[in-house]
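Please keep the sequence and the model in view while reading.

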Amino acid sequence: MSIQKRFKKPPTTITAVTPFTGPRLLRIKSAAAYLSLGVGTLRKMVRDRTILHSRGNKILIDRLDLDRFIEHRKVGAEVAA
C-alpha cells in the first residue's frame, strides 16, 4: 500500500449548525456565555455602549444584536451589508 493511500485524509463533511432555540432576550450572564466572554467584560461593553441593550429592571440584550456584533467583528473576508 502506498503512503498516499495510507495517510489519505477522510472526506470532510459539512455539518449544519442547529439554530439557537432559547429566548431572544438574554440577561448579562447568558449573553456573556453566548459570546464566550466574561461577565465583567460584557458589562464594560454595555457601559461603553459597544453592545446594544435595553434597560428595565434588568439589562437585556437581544440575541440578534449579538449575532450582528459577531458578524461585524469577523476578520478576513469583507462582510456583505
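In which sense do β2 and β3 pair, and over how many bridges? In this predicted model, the pairing of β2 with β3 is antiparallel and extends over 2 bridges. Within this part of the chain, R55 stands opposite I59 of β3. In general, the strands of a sheet pair through hydrogen bonds of the backbone, in either a parallel or an antiparallel manner.

The two strands belong to an open sheet of 3 strands, arranged in the order β1-β3-β2 with antiparallel pairing. β1, at residues 25–26, and β2 form the edges, each of them pairing on one side only. Helix α4 lies across β1 and β3, and its direction makes an angle of about 60° with β3.

Attention may now pass to helix α3, which spans residues 39–47 and whose buried residues are L42, M45 and V46. Viewed down the axis of α3, these buried residues fall within an arc of 100°, and therefore they line one face of the helix. The face turned away from that buried side carries the exposed residues G40 and R47.

Terms used:
Residues are numbered from 1 along each chain as its sequence is written. This is a predicted model: local features need pLDDT of at least 70, side-chain atom pairs count only at pLDDT 80 or more; totals for chains, interfaces and linings use all residues. Side-chain values use heavy atoms; hydrogens and water are left out. Buried means under 20% relative accessible area, exposed over 50%, partly exposed in between (1.4 Å probe, protein chains only). Helices (H or I, at least four residues) and strands (E, at least two) are DSSP runs, numbered from the N terminus. The arc is that of the directions from the helix axis to the C-beta atoms. Two strands pair if DSSP finds at least two bridges between them. Contact means heavy atoms within 4.5 Å. Axes are lines fitted to C-alpha atoms, for helices over the stretch in contact, and angles run from 0 to 180 degrees between N-to-C directions.
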